[in-house]
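User: Could you walk me through reading strand pairing and helix packing in this model?

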Amino acid sequence: MPKREPKRRSRSMALSPVPGLQVGLAIPLGKPGNWVDPQCDFDSELERDFALLWVSLYPDLDLRHHYRGIPGRRFEFDFVALPINLKVAIEIHGGTRKAGTGHNTGSGIQRDVEKKRLAQQHGWVVMELTGEDSRDAEALAQVADVIQQRKELLERLEQLNCDDY
């Protein structure tokens, strides 16, 4: 049997703009500079569908795919809002309806709870989406609203010259 190549993940892929855009068919969505490469190595179809829907609905709210936001830990957020100092993470929980898959096993739930608890300890707002939510415009509108609120809060703090956020 031929040996399978390990799956490569694009750790620094941002949705807008995309540094190191992989060769492939790129689809411009939203404002100029918003590019999503459908050939990019998303971990799942859910992540890819979410990314495509996001940039079509919110071309001015940029996200980064895969970000380690907890110092000293290997946990990665599926997506984070840019700029990073907004500290809004998006987690997509796929396989929630299939028994024995990552997010609904005892160890998977424990890992997700630990990750969220550590994220909150470091000031992150974690928006959790099920697979169904990740394809739902209303659920994405709630995420976009949180990102916009954080942007406005950051702007107000900057106007007050408050560096400690």
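Analyst: Strands of a sheet pair through backbone hydrogen bonds, either parallel or antiparallel. Here strand 3 and strand 4 (residues 77-81) pair in the antiparallel sense over 4 bridges. Pairing takes at least two DSSP bridges between two strands; strands (E, at least two residues) and helices (H or I, at least four) are DSSP runs numbered from the N terminus. L63, for instance, has A81 of strand 4 as its bridge partner.

A word on the basis: this is a predicted model, where local features need pLDDT of at least 70, side-chain atom pairs count only at pLDDT 80 or more, and totals for chains, interfaces and linings use all residues. Residues are numbered from 1 along each chain as its sequence is written, and side-chain values use heavy atoms, leaving out hydrogens and water.

User: In what order do the 4 strands of the open sheet run?

Analyst: The order is 3-4-5-6, with mixed pairing. Strand 3 (63-67) and strand 6 (125-130) are the edges; each has a single partner strand, so one side of each lacks a neighbour in the sheet.

User: And how do I read the packing of helix 1 and helix 3?

Analyst: Two packed helices are described by the angle between their axes and the distance between the axes. Helix 1 (residues 45-57) and helix 3 (residues 137-159) pack at about 65°, axes 11 Å apart. Axes are lines fitted to C-alpha atoms, for helices over the stretch in contact, and angles run from 0 to 180 degrees between N-to-C directions. The contact (heavy atoms within 4.5 Å) involves F50, L53, W54 and L57 of helix 1 and A137, L140, V143, A144 and I147 of helix 3.
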